[in-house]
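Visitor: I have a structure open and want a quick tour. Can you put it up and start with a strand pairing?

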Amino acid sequence: MSIYSFDGAEFRTMLLGSLNLLAQYKDEIDRLNIFPVPDGDTGTNMHLTLLAAVNEAQQEKSTRIDTVSLAVARGALMGARGNSGVLLSQLFRGFATALEGQHKANATDLARGFTEAYKTAYRTVSNPVPGTILTVAQKTAEAMQEACRRSQDVLRVLVVSLKAAQESLKETPELLPVLKESGVVDAGAKGFCVILEGILHSLKGPEELDLLLNVVSRQKEDYLGPLPESKQAITYKYCTEFIVKGKNIPLEKIQQELNNYGDCLMVVGDDAQAKVHLHSNHPGLVMEYCLNFGTLSNIHITNMDEQHRERINPETKDQLDKEIGIISVSMGEGIKAIMESLGADVVITGGQTMNPKTEDIVKAIQNTPAKNIIILPNNKNIILTAEQAARISSKQVAVVSTKSIPEGIAALMNFNPEQEFSKNIEQMVTAINNIITGEITTAVRNSSYDGNPINSGDFIALAKDTIIAAGNSLQETFKLLISHLVTAPESLVTCYYGQDIDQKTAENLIEQTVQLYPDLEIELHSGGQPVYHFIISVE
């Protein structure tokens with residue numbers, strides 16, 4: 001069997017194969033965590049990002065490789081979750097850029113596409129680290145280019161490239177010492193290899209297309225449910241979506257003009273095809289304006305007032321002149337309530353094991369009634385997603401790179417709505433630099449740290465991405481973490497206990513801490529967060 005070219009329809013089928021295989025491996029990839037803690041989510045994030053890409057491609061009727069590739073890139077862009085999802089979306093973006101203007105792609109085009117893919121993804125990361133998905137993507141592209149010099153059979157080129165990718169994956173622990181110490185390969189790189197292998201599965205034909213389509217439908221139902229959101233006022237009743245097809249479509253001009261017709265505006269695509277999304281009270285006027293630039297298709301108009309009447313608490317539009325709005329990310333009702341009380345306009349539910357996708361943050365930006373937006377990711381795995389959402393938005397958006405819940409709360413406490421946008425950002429950054437964060441969770445597998453054994457089920461204390469202590473006693477682990485975090489006797493310590501810890505247990509631990517450190521000022525709050533029994537901040 002030989003394949004010398006493929007079009008957009010065949011590319012969709014290839015990605016269906018990848019999606020199916022990634023669904024089977026996502027839990028295994030999640031477990032490729034450098035720490036034995038229950039917060040791995042790389043496989044889930046890559047799977048959900050690819051699922052969004054495939055769903056967008058399924059809506060595209062064209063069979064041109066460039067058009068379908070662009071649809072895949074759009075879907076991945078808006079559906080990206082976590083750092084791995086953002087990097088995957090950038091790989092698709094680079095691939096689509098390289099294939100612009102082509103009806104079909106051959107082996108040389110494929111190699112060019114993968115080359116531009118890894119280069120685009122590299123540009124997303126300020127300090128690329130060897131031994132990650134970026135390294136494996138680059139090695140794959142280089143192997144592809146070499147294979148094309150010997151054969152133009154797409155199947156042969158992909159087989160050679162997969163072998164190179166798998167060899168590069170095996171080498172990731174040698175390039176990244178923390179992987180070697182933990183006895184794992186890079187999770188994102190593993191996901192990339194699975195995607196490549198899935199493409200080969202589809203070309204070799206082990207799965208029927210109808211079965212793959214059913215898998216996509218089931219995965220969407222199982223995994224792509226909307227994240228819970230804070231209640232937002234609906235000023236504009238009709239969710240209006242359609243595609244404009246034409247020539248020289250002025251995306252920026254449409255964006256500027258439609259801002260006057262409603263909110264939640266998104267205009268994405270290129271000068272030949274654009275997807276428009278807008279909440280408006282006059283969808284007819286919106287479509288009439290866009291008819292100036294081409295024909296309309298895939299028109300969907302939904303009355304959101306009827307659809308969500310039971311869960312919406314209408315508010316007035318008086319807040320739309322607010323200068324600065326804040327979007328924060330958290331998990332746990334207690335932490336969410338604290339953030340809202342400190343001035344967060346929207347608190348997106350998300351964190352470890354459930355990263356929000358780019359579209360969730362874009363919608364939050366659009367729904368926040370303010371001209372300028374500050375985003376607090378509160379998790380290092382959400383920063384790239386937040387930055388991607390900021391680039392898409394038409395508002396002025398700044399991402400303050402908070403990596404933990406305590407850093408996010410510190411940033412909120414230093415927000416002053418009377419001050420300028422830039423001054424607030426400066427104060428927030430200064431505040432988070434004065435925060436030390438510690439966490440206690442439970443080991444999900446046997447492991448070790450500094451030569452000390454960790455048993456599955458042990459309590460683990462972490463600070464600055466380092467295991468500080470581990471053992472079967474919560475009391476002892478808590479005490480060791482506090483002693484590590486507290487460097488000055490008059491420090492302020494704030495403890496947020498999670499959903500698996502009762503109030504009495506938390507209060508007893510605080511009482512014991514006060515006896516050991518009588519000069520400490522200690523605050524205790526019910527955070528309600530999953531995964532982490534305690535989140536502790538010291539300032």
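Guide: Isoleucine 440 stands opposite phenylalanine 534 in strand S16. This is a predicted model, so local features need pLDDT of at least 70, side-chain atom pairs count only at pLDDT 80 or more, and totals for chains, interfaces and linings use all residues. Residues are numbered from 1 along each chain as its sequence is written, and side-chain values use heavy atoms, with hydrogens and water left out.

Visitor: Which strands pair there, and in what sense?

Guide: Strand S9 (residues 436-442) pairs with strand S16 (residues 534-538) in the antiparallel sense, over five bridges. Pairing requires at least two DSSP bridges between two strands. Strands (E, at least two residues) and helices (H or I, at least four) are DSSP runs, numbered from the N terminus.

Visitor: What stands opposite threonine 437?

Guide: Serine 537 in S16.

Visitor: And which strand is joined to S9 by five bridges, running antiparallel?

Guide: Strand S12 (residues 459-463). There, isoleucine 460 is the bridge partner of threonine 441.

Visitor: What's the strand order in the six-strand sheet?

Guide: S13-S12-S9-S16-S14-S15, in an open sheet with mixed pairing. Strands S13 (466-471) and S15 (521-526) are at the edges; each has a single partner strand, so one side of each has no neighbour in the sheet. On average, neighbouring strands are turned by 20° against each other, direction ignored.

Visitor: Which helix touches S14, S15 and S16?

Guide: Helix H14 (residues 333-341) packs on the sheet there, and its direction makes about 115° with that of S15. Contact means heavy atoms within 4.5 Å. Angles run from 0 to 180 degrees between N-to-C directions, and axes are lines fitted to C-alpha atoms, for helices over the stretch in contact. Helix H17 (residues 405-413) packs on this sheet as well, touching S9, S14 and S16, at about 50° to S16.

Visitor: How do H14 and H17 pack together?

Guide: At an angle of about 20°, with axes 9 Å apart. They are therefore roughly parallel (angles under 35 degrees). Their crossing is left-handed: the near helix is turned anticlockwise from the far one by less than a right angle.

Visitor: Which residues meet?

Guide: Ile335, Ile338 and Met339 in H14 meet Ile405, Ile409 and Leu412 in H17. The contact has six nonpolar residues, no polar and no charged. Nonpolar covers Ala, Val, Leu, Ile, Met, Phe, Trp, Tyr, Cys and Pro; charged covers Asp, Glu, Lys and Arg; the others, Gly among them, are polar.

Visitor: New topic. What's the order in the four-strand sheet?

Guide: S6-S5-S7-S8, open, with parallel pairing. Its edge strands are S6 (346-349) and S8, each pairing on one side only. Strand S5 (residues 322-330) pairs with S6 over four bridges. Isoleucine 327 has valine 346 in S6 as its bridge partner.

Visitor: What packs on that one?

Guide: H14 touches S5 and S6, at about 165° to S5. Helix H18 (residues 421-432) lies across S5, S7 (370-376) and S8, at about 10° to S7.

Visitor: Where is confidence lowest?

Guide: In helix H10 (residues 209-223), with a mean pLDDT of 45; strand S8 (residues 396-399) is highest at 96. pLDDT is the predictor's confidence in each residue, from 0 to 100. The chain mean is 85, and 88% of residues reach 70 or more.

Visitor: Which residues stay under 50?

Guide: Residues 206-217 do, with 17 contacts beyond four places in sequence. Residues 307-320 are also below 50. Where pLDDT is low, the predicted coordinates should not be read in detail.

Conventions:
Parallel < 35°, antiparallel > 145°, perpendicular 65-115°, else oblique.
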